[in-house]
Amino acid sequence: MKYSVTVFVLLTWAFRWSFCIYEDQIGKFDWRQTYIGKLKFAYLDTISTTKKAFVATEENVVAALNLKTGQIVWRHVLEKADQGEIQFMDGDGDDIVTVSGRNIFVVRTWDPHNGFLKSEWTVAQPLIRRLIDIKWFLYQKQLFQVVSVALSDITITAYNISAGTKVSSDLIHAPWMAQDSRCVLAVPYLACLDKVGQEVLLHSFSLTGAGTQTKSLSAFMGEVKTSVTLETVGGSQPVVEVAMVGNSSKHILLLEANGFTLYPHQLPSAAKLYVASYEKSSIVLQALYMEGWLVLSGSTLETGKELSDLAGKLKYPSGLGEGNIAAAVCSPKKDKGKGCRILLVTDDHAIALMSHPGKFVWVREEALASIAAVEILDLPVSDTDAAIEKEFDHKEMDFGVSSGFVGMFVHRLASQILQLRSLVLTILGLGEPPSAGQRAGLVRDEFGLHKMIVVASSAGKVFGIDNLSGEIIWQQRLENVKPYVDQATGKNHAPFFVQRTTRHFPSPAQCALLLRHKVTDEGVLFVFNPITGQPLAESDGLISLGYKVKQSFLLHEGNKESLRGILLLDNEDNLHVYPESAQSVAVAMAATIFIFTADPNSGLLVGYSLALSTKQNLIATRVWEIKLTHGSQRITAVISKSSIEKVHSQGRVLGDRSVLYKYINPNLVAVLTQGFDPVHKQFLNIYLIDVVSGSVIFSISHKRAREPVHIVHSENWLLYSYFSDKSRRTEIVTLELYEGKVQSNTTAFSSVAAPLQPIVDRQAYILPGMIESMKETITEKGITSKHILVALANGAILEIPWVFLDPRRPITVTSEMREEGVIPYMPELPIPSEAIINYNQTVQRVRGIHTTPSGLESTCLVFVYGLDMFYTRVAPSKTFDLLKEDFDHFLITAVLLGLTVTSYITKKLASRKALKQAWK
Amino acid sequence: MFRYVCGFLVFYTPWIFGFQPDIVEYDGHLSLNLQHSFDHVKEPQFFDRGTVDIQSIRTGAVTLKQKPLSVEDKQKLKALAEKDGLYRLRAFVQALDGRETSFLTFVKACSLAESHLSDILTVSLDHTGSVIAVSMSTSPAICEGRHISHEHLQHFNTTVFVKHMEQGPVPDTAAYIQKLEKEREARERGETKDNRSFLAKYWMYIVPVVIFVVLSGAANPDGGAGTGGGGAGR
């Protein structure tokens, strides 16, 4: 009986857990975009009917792109990090061959048409001291491995690509080869530079047959300095380029079995080269960037004769960085002359295909595969709403009338006349055009569901994406900047500040992104309008700060223009405010501002108070210091709560009708430290620290637990997951903090005045899956219950209600507990397929989930990013404030009309009957 | 001048604060050197306040040696309290292996004065028993701007708490399986003795019957009345 009750309760919960969508709702609220990452290797296939470009990227992806549209035909995501690092990719018509991994190389051959895996075999990395590098190439259906060993020799091994059997192995003696020797592969030759005194020698080895050629560079290049660089020129012929550092031109050499041939012309050193085969000959393609134009030219390799039909220039898209030619093919055109297809890879990770002579065919913004910061912002109000706003904006008063009802009335009349005028003008077709945002439909809707997703990529690019369509509205490329790197985890991040939202009409919204300079590491702020992408400071929006930034945050109050200042703490503990005008606001709040910094390596957490600030300068004074780690331990994460979060319910009603008050401390930060010691093995410690008072509120330790560790910190609870080494499974632990049956302070929480110890409830669960990222849902007022979004390694995004993770879930349920609404404890969390919010839209390599409230209390907008991007919306407590999609408006209108008509008719009939009766 | 306050022993009671872990794998002795500052400047000067000896970190037995406040210090504290300044305390901890770590903590000067120098020092330890934080608070922690006379600012009345790290929970599969086993056994042995009342047991059968009766009665009121009337007429 008891068992059946449990089953019943669970079933009811399972029914409540069905957030899945109907089939016809697919793609209605969500979209997915797939990416491949920064290109590393490319191979163009022009033989088959659907022309494809095969690519391998730094995200360990092998893919085929449709050459006409740039869309992904097939894609394979290999193992993560080093294990799947692609060392080599090439194709030979029938097979695409990849070599990936470190230490153990996995060689895979793929079917070019459908991407099926044809064969897979491994080669172990030879354990040799003084190993310089290992190179790979594909030549005549054989895979060659070139192992260079310093001061010794070069080993060349040929493998059969499908079976993995060794075909041959050759050894070339190269005792002159130093550890820093620069050797490049120009299939089927290996070219090396060797410096002997003042002389620079170029060795070239034939890798398929024996034969070594050695020549002094000065013999055919004239005087040669020792600072010479050697690069291979991609393409169908063994060509290398030799450039002297500081020279404006470079030479190219064609390697041959019996020596080298020098290309007759010198080329500018900035030119990007590629050798494409054309019928029987070879063409050297040359690309040069000149102030917004890409100048292209082609000449035959053998004679150096310029080809007139390949000369031309192309307007270069402004958002695109300079690029290299990754691959190119030339073919005769239908009409006459020649045409080339050139695959460009730019330094902002974009992949573009040019049809030369002609235009850009497509551009793939692969910068979106490495997103470092995300923010979702409201759109501005529509033009008509803006006019109303203007009417009530007192600053706009310029009629010389005092405010008050007379002034308001005059203003209203004036604005209505203006509205009338604009209406007449619009009808006549003379009116001023609507604003750009209005035209593009980028205006706020009534439910606040239409927003702008602003993302900053590690590639130094910022994008504005429409959340409903997923379309890129604007993009900005930032030069010479890079994101900050987390010292402990190596993840990129860029602090994003929303200084002013769109709510403060007529001032535009303003956002700032904190990055650092590529060379000096000093802080750089990019200030821009998030709706249009227009820079709002200087000409390019970049403000060099001139110091290294240690900590940064946004003031919680704005200045007169409603602009919130950014407070920056530099390496010397000096404080700066951006913009200057926010200084007075910062000074006014200084007594209550506390800052903290954490050093991941030393484990030192330092708290600063701004109480000593004067009107002229802000002074940060150290007020607390704690040292969390000793020995090999490091701080790997510092997680605070979302600053926009609101907690609606202050307590939890228990079965006996008493209230258990939540411990809601906005200054509480979770700090994770990880380390290794012989007793505890891999351990992780979690500290809950009040960063104003510097006291450790709670700390907990797990033995034999290792990464991936993910933490979600919200309201009065903390949730974290780790991989248990002991049980070899992912475990999730939840902690909930309560003040007790009495609330210490009902108005506001004070960290300094309330040193109380919270009661901590805890529970651990098993999740049958590997977690990539976790995030809690957030809504406007915090009334809707919270769900946890978990991105799993298999590409699914799971939505788990908080009740399932509640630390108060008891093993044996008492009636009181049942009254409270807690469900009995089950160690394993289920993964029902209805709770996968991205149904079959697999999202690979999730790096983060961003949640933001919409205008509807029930709905939370979710943006998942990583290699792919996925956007959807979730309603944790169902859409209680929204009519159903299939709500029958017609029926309800018909019923209402019918009722009204009937009541009128019956009224008439009743009065007639009453009259008749009166006459009786 | 150097009058030592007699050793003040606190036996810390685990059930009040509930942060005694189940197993403490370590024990030892800790000594804290305290220095404090009443300066209201960025780089304050610290002066000796006293020492705290924690004889056993497992039990939390403590010996305190603290100097009383000098007249000068009292004035400084009151001046700091008026400016709403911060009283800063530096603690130097000598670990078992001889390493010295320094910690910094603060309280509002006014709350220290108004609590008559009753402060609480919390020493937080990590899983190996090393000190990670020393934090100070006062009891009571209030700032009302009351006038404090000098005699209340004589001796520190310090309480020391040692806070251990807790052991993380693990999924309790054993208890859950046990529970399932028990339920299965109970099912096999036949239904467990049901000691609920008759109504509680069979309400699901009774309610529909009652509803049916009520509904049929309500649907046909004059039919019943008519029959009754007919009977009377006969």
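A: Start with a definition: a residue is called buried when its relative accessible area is under 20%. Keep in mind that this model is predicted.

Q: How much of chain A is made up of buried residues?

A: Of the 920 residues in chain A, 52% are buried.

Q: What is the accessible surface of chain A, and what share belongs to carbon and sulfur atoms?

A: The surface comes to about 42600 Å². Carbon and sulfur atoms hold 54% of that area.

Q: How many helices and strands are there in chain A?

A: Chain A has 9 helices and 63 strands. Its C-alpha trace spans about 125 × 80 × 70 Å along the principal axes.

Q: What share of contacts joins residues 24 or more positions apart?

A: Take the contacts in chain A with a separation of 6 or more.

Q: How many positive and negative side chains does chain A have?

A: There are 90 positive and 91 negative side chains. The centres of the two sets lie 4 Å apart.

Q: Now one residue. Where is A:T346 found?

A: A:T346 sits in strand β28 of chain A, which covers residues 338-346.

Q: Why does A:T346 count as buried?

A: The cut-off for buried is under 20%. A:T346 has 2% relative accessibility, so A:T346 counts as buried.

Q: Which residues is A:T346 in contact with, leaving aside neighbours within four places in sequence?

A: The contacts of A:T346 beyond those neighbours are A:Y316, A:L320, A:G321, A:E322 and A:G323.

Q: What joins the side chains of A:T346 and A:D348?

A: A polar contact of 2.5 Å joins these two side chains.

Notes. Residues numbered from 1 in each chain as written. Chains lettered and ligands numbered in written order. Heavy atoms only, no water. Helix = DSSP H or I, 4+ residues; strand = E, 2+ residues; numbered from the N terminus. Buried < 20%, exposed > 50% of the residue type's maximum accessible area, 1.4 Å probe, protein only. Polar contact = N/O pair within 3.5 Å; in protein donor to acceptor, adjacent residues only side chain to side chain. Contact = heavy atoms within 4.5 Å. Areas by Shrake-Rupley, 256 points an atom, 1.4 Å probe, with all protein chains shown as cover. Lys, Arg positive; Asp, Glu negative; His and termini not counted. Charge placed at Lys NZ, Arg CZ, Asp CG, Glu CD.
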